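Student: Could we go through this one together? I'd like to talk about its rings and its backbone.
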Amino acid sequence: MNKVDYMEVTVPNYSYVFNFEETFSHLDTKIWMTNNWTNGFYYCGIYMILVFGGQHYMSTRPKFELRGILSLWNTLLATFSIIGFTRTAPELIHVLRNYGFYHSICIPSFIEQDCVSGFWTWMFVLSKLPELGDTIFIVLRKQPLIFLHWYHHITVLLYSWFSYKEYTASARWFVVMNYFVHSVMYSYYALKAMRYRPPKGISMLITTLQLAQMVIGCIINITGYQYLESGQIECHITRVNVKFSLAMYFSYFVLFAKFFHKAYIGGKRSAKVEKKHYSNGTVEYEKLKAN
């Protein structure tokens, strides 16, 4: 496989490009993230203190319902995810059709050449900070806080910020997949918070999508590592990034596979168990989130 001259890459034919997308400057955001990405460790530290400190504070106090705010929160995140998906997926599809699988993993044209995809990738990365607010509802509603919830939030934030400063080319896959899963997931949570009753099969579909996301993430990382090891082609991914990302996706896969088995294969849950597993207004078995 020969090196691709990605300076000649074309962008999708968007029906409309907004001014804030057209004026997006990827170099400015890269400089900012290079100088500030390590602040993510401080944010995660504060997050952990507030979360577990908040649980201790709420232990002797009555829980809050917050159903109206919860409905609004999930609706906003669902809307954001749907828009993000519709603005980033065309670039990935365009690249796969016109430049191939290698380009989609190794060439960061989705940031450097496409202002629309670049802007919404930047929004995706920044959104991982306010998404920590998901946990506020768990704490204030006095619901069980499982390991996967806070582990997911911390690792995704740190990895996203770290990857953006490197313009990790394979991230285009991770961004599109995450936007898509969150579009379905947060829409479902919003309906549940509004007391609607979506079909029970939707929760299983969401978990299946999450598992598929982890499998694809592992495949992308393994393929990227093989490109790097070949030494014959250009691939804009660092070995450190690939190892960290693969470990993260594989750990998610293991945790979600255990969850899937317990929730859908391991037999019927007792009413007592179901009652205990609530989070953010929905059953905890339905609330687990992917990267």
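Tutor: Let us begin with a term we will need: a residue counts as exposed when its relative accessible area is over 50%, as buried when that value is under 20%, and as partly exposed in between. Please keep in mind that this is a predicted model.

Student: Okay, how many aromatic pairs does a search of the whole structure find?
Tutor: The search finds 32 aromatic pairs. One of them is formed by Phe20 and Phe119, a tilted pair with 5.1 Å from centre to centre and 50 degrees between the planes.

Student: Where do Phe20 and Phe119 lie in the chain?
Tutor: Phe20 belongs to helix α1, residues 19–22, while Phe119 belongs to helix α7, residues 115–127, so the pair links distant parts of the chain, 99 residues apart.

Student: Buried or exposed, what are these two?
Tutor: Phe20 has a relative accessible area of 42% and is therefore partly exposed, whereas Phe119, with 12%, is buried.

Student: And what kind of pair do Phe147 and Trp150 form?
Tutor: Phe147 and Trp150 form an edge-to-face pair, with centres 5.1 Å apart and 85 degrees between the planes. Both residues lie in helix α9, residues 147–166, where they are three residues apart, about one turn of the helix. Phe147 is partly exposed at 44% relative accessible area, and Trp150 also counts as partly exposed, at 22%.

Student: Changing topic, which residues lie over the face of a tyrosine ring?
Tutor: Lys30 lies over the face of Tyr167, at 4.5 Å from the ring centre, and Arg61 lies over the face of Tyr57, at 3.8 Å from the ring centre.

Student: What is phi like at Tyr167?
Tutor: Phi of Tyr167 is near 50 degrees, which is a positive value in a residue other than glycine. Most residues other than glycine have a negative phi. Tyr167 sits in the loop between α9 and α10, and this residue is buried, with a relative accessible area of 1%.

Student: What about Arg195, where is that and what is its phi?
Tutor: Arg195 lies in the loop between α10 and α11, and its phi is also a positive value, near 75 degrees.

Student: Why does Arg195 count as exposed?
Tutor: Arg195 counts as exposed because its relative accessible area is 62%, and the cut-off for exposed is over 50%.

Terms used. Residues are numbered from 1 along each chain as its sequence is written. This is a predicted model: local features need pLDDT of at least 70, side-chain atom pairs count only at pLDDT 80 or more; totals for chains, interfaces and linings use all residues. Side-chain values use heavy atoms; hydrogens and water are left out. Rings of Phe, Tyr and Trp (its six-membered ring) pair if their centres lie within 6.5 Å; planes under 30 degrees apart count as stacked, over 60 as edge-to-face and the rest as tilted. Helices (H or I, at least four residues) and strands (E, at least two) are DSSP runs, numbered from the N terminus. Buried means under 20% relative accessible area, exposed over 50%, partly exposed in between (1.4 Å probe, protein chains only). A charge sits over a ring if NZ of Lys or CZ of Arg is within 6 Å of the ring centre and within 35 degrees of the ring normal.
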